Amino acid sequence: MAPPIRLYNTLGRSKQEFKPLQPGQVSIYTCGPTVYRYAHVGNLRTYLFADLLVRTLDYNGYQVRQVKNITDVGHLTDDTFDRGEDKMLVSARLEKKSPAEIAAHYTHAFLDDEARLGIRRADAFPRATEYVPRMVELVALLLEKGHAYESGGNVYYDISSFPDYGRLSRNTTAKLLAGTKGEPDHRKRSPLDFSLWKRGDKRLQVWDSPWGPGFPGWHIECSAMSMALLGERFDIHTGGADNVFPHHEAEIAQSEGVTGHRVVNHWVHGQLLFLSGTRMAKSAGNFFRITELEEQGHDPLAFRYLALQAKYRAPLNFSPDGLAGAGRALVQLRERVADWRSGPEGPTGDFGDRFLAAINDDLDLPAAMALVSELVRSDRAPGSKAALLLDWDRVLGLDLARGGPEPGELPIGADNLLTQRQKARAAKDYATADRLRAELASLGVQVTDTSEGQTWRTAPRG
RNA sequence: GGCGACGUAGCCAAGUGGCAAGGCAGAGGUCUGCAAAACCUCCAUCCCGAGUUCGAUUCUCGGCGUCGCCUCCA
């Protein structure tokens with residue numbers, strides 16, 4: 001009997017028992033990337049957390065449908081007076097490519113990056129540009145229902161028409177107003193009203209609408225794509241903590257404004273990745289791509305291991321040392337699984353139940369990882385330890401079946417040195433043997449003596 | 001200014017009203033010709049102050065400090 005899954009819900013700020021709308025099935029919408037640049041490991045941490053959620057539900061026997069949007073329409077950096085720049089279009093200009101080319105390039109890179117981290121493919125990756133007609137419909141409905149107004153060619157959401165505005169982020173409109181800075185945009189009734197549709201015909205990306213040519217506001221796409229693919233009610237919506245306000249607050253106002261009822265049951269947000277105490281961000285330039293870490297000799301899954309050791313709801317401080325440590329631990333774990341696989345089997349006690357209890361408790365992967373260590377050190381039968389670890393790997397996603405590192409290719413001349421060393425050792429000429437070991441090491445070959453003779457392995461990366 | 005987090009060993013990071021998980025690094029030991037690996041052992045009174053309590057790292061209040069959101073951002 002599996003313990004119930006409890007998930008923290010940003011709406012309500014508490015762990016709540018997860019109950020799917022349809023028995024045995026779960027619908028998840030994961031707020032995806034805007035594809036105007038490469039994703040960094042900070043971005044990927046959020047998709048990793050969503051992946052762990054999907055895998056946990058799958059492990060519990062649920063049939064999961066996950067939708068992850070690809071935003072290939074740029075958003076303005078500043079909504080006021082249309083001053084902001086659109087990042088998609090900036091990238092297109094800088095790289096002298098069309099927005100579609102930019103989007104295609106970074107979308108592929110994103111999917112590759114996800115695969116490197118063992119993130120399972122979502123069931124659907126809707127593109128925002130393909131849902132603009134649906135967005136236009138939603139904006140028209142919001143106008144019809146009195147939640148929006150047209151002004152100066154733009155359409156704005158009237159937050160005073162939605163009393164629940166602020167419930168997710170716990171901001172109140174009165175306090176938000178007090179904190180308003182900068183000059184007000186006089187086309188808006190309230191400075192807090194946000195854009196649903198922006199007029200503009202001089203851009204590279206323009207669509208027709210009842211309000212003239214233009215482009216959609218920043219939040220409407222998620223309302224459109226989530227409801228188009230998952231329906232007017234779905235189970236879980238994931239995203240980064242930075243999206244709570246204003247993005248998801250606006251999404252709730254839009255989706256519920258249109259439908260008149262609650263759309264998302266569980267809002268789950270993953271915390272951000274930090275580097276030297278500040279948020280890893282594209283704009284700050286303090287980031288690593290997963291491919292960069294790979295070029296430095298790290299296994300991409302070492303980052304996954306690192307992330308598994310922290311709660312998804314807590315900020316995580318990234319450091320190259322921490323990553324290296326996680327990598328060492330991962331290699332060792334894989335070697336053990338390889339060693340134990342063919343060993344004898346036996347009972348594993350309550351380890352399986354404890355693992356399930358950990359992951360079902362709001363994705364407590366740190367507890368699960370501690371359990372991995374406890375199991376490894378335990379005196380259970382090796383074959384069963386390996387089998388259990390491989391079973392857990394369905395959730396952990398660390399590719400534990402991979403085995404130890406490959407011996408690698410011997411550099412030229414090393415073969416001869418190895419033979420000489422073997423002879424020297426047989427003759428108990430240890431001075432020569434040690435000299436040859438040092439010589440081999442300088443060639444990048446690590447020699448180890450075992451009871452069955454010497455073994456070697458090429459050093460990781462040259 | 002508003003909203004929200006957080007401050008635990010050298011680093012990363014869990015956790016609980018009652019002797020502080022785990023990983024990496026480090027120390028000692030076993031093993032080994034030596035080394036490596038492996039194995040064993042060791043390594044924190046939890047930012048400060050006050051309060052509640054038999055007892056607080058864990059609850060409350062007050063400091064100090066760090067960070068996130070309030071512009072696009074995972």
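**Figure 1. Strands E3 and E9 run side by side in this predicted model.** Look for strand E3, residues 25–30, and strand E9, residues 234–240: they run parallel and are joined by three bridges. To find your place along the pair, pick out Tyr-29, which stands opposite His-237 in E9.

**Figure 2. Strands E3 and E9 belong to an open sheet of four strands.** Reading across the sheet, the order is E4-E3-E9-E10, and the pairing is parallel. Strand E4 (63–68) and strand E10 (264–270) stand at the edges; each has a single partner strand, so one side of each has no neighbour in the sheet. From one strand to the next, the twist averages 20 degrees.

**Figure 3. Chain A is divided into three domains by the domain assignment.** Domain 1 covers 19–270, domain 2 covers 275–402 and domain 3 covers 414–458. If you compare the C-alpha centres of domain 2 and domain 3, you will find them 34 Å apart.

**Figure 4. The largest pocket has a volume of about 1,100 Å³.** Its lining is made up of 39 residues, and those closest to the pocket centre are Thr-34, Tyr-36, Asp-242, Asn-243 and Arg-279. Which helices each supply at least two residues of this lining? They are H1, helix H3 (99–116), helix H6 (220–230) and helix H7 (244–259). H1 gives the most, with four residues. Sorted by class, the lining residues of the largest pocket are 18 nonpolar, 15 polar and six charged. Domain 1 and domain 2 each contribute at least three residues to the lining of this pocket.

**Figure 5. The largest cavity holds about 90 Å³ of space.** Searching the whole structure turns up four cavities of 30 Å³ or more. Around the largest cavity you can trace Arg-45, Leu-48, Phe-49, Leu-52, Ala-307, Leu-308, Ala-310, Tyr-312, Leu-363 and Leu-365. Helix H1 (41–59) and helix H9 (300–308) are the elements that give two or more residues to this lining. The largest share, four residues, comes from H1.

**Figure 6. A second look at the largest cavity shows its residue classes and its place among the domains.** How many nonpolar, polar and charged residues does its lining have? The lining has nine nonpolar residues, no polar ones and one charged residue. Why does the largest cavity lie between domain 1 and domain 2? Both domain 1 (19–270) and domain 2 (275–402) give residues to its lining, so the cavity lies between them.

Definitions and conventions:
Residues numbered from 1 in each chain as written. Chains lettered and ligands numbered in written order. Predicted model: local features only at pLDDT ≥ 70, side-chain atom pairs only at ≥ 80, totals over all residues. Heavy atoms only, no water. 1 Å grid on protein atoms, 1.4 Å probe; cavity = no way out; pocket = protein on both sides within 12 Å on 5 of 7 lines; lining within 4 Å. Points joined across faces, edges and corners; volume = space filled by probe spheres on them. Nonpolar A, V, L, I, M, F, W, Y, C, P; charged D, E, K, R; others polar. Domains from an automatic or database assignment. Pairing = 2+ DSSP bridges. Axes fitted to C-alpha atoms, helices over the stretch in contact; angles between N-to-C directions.
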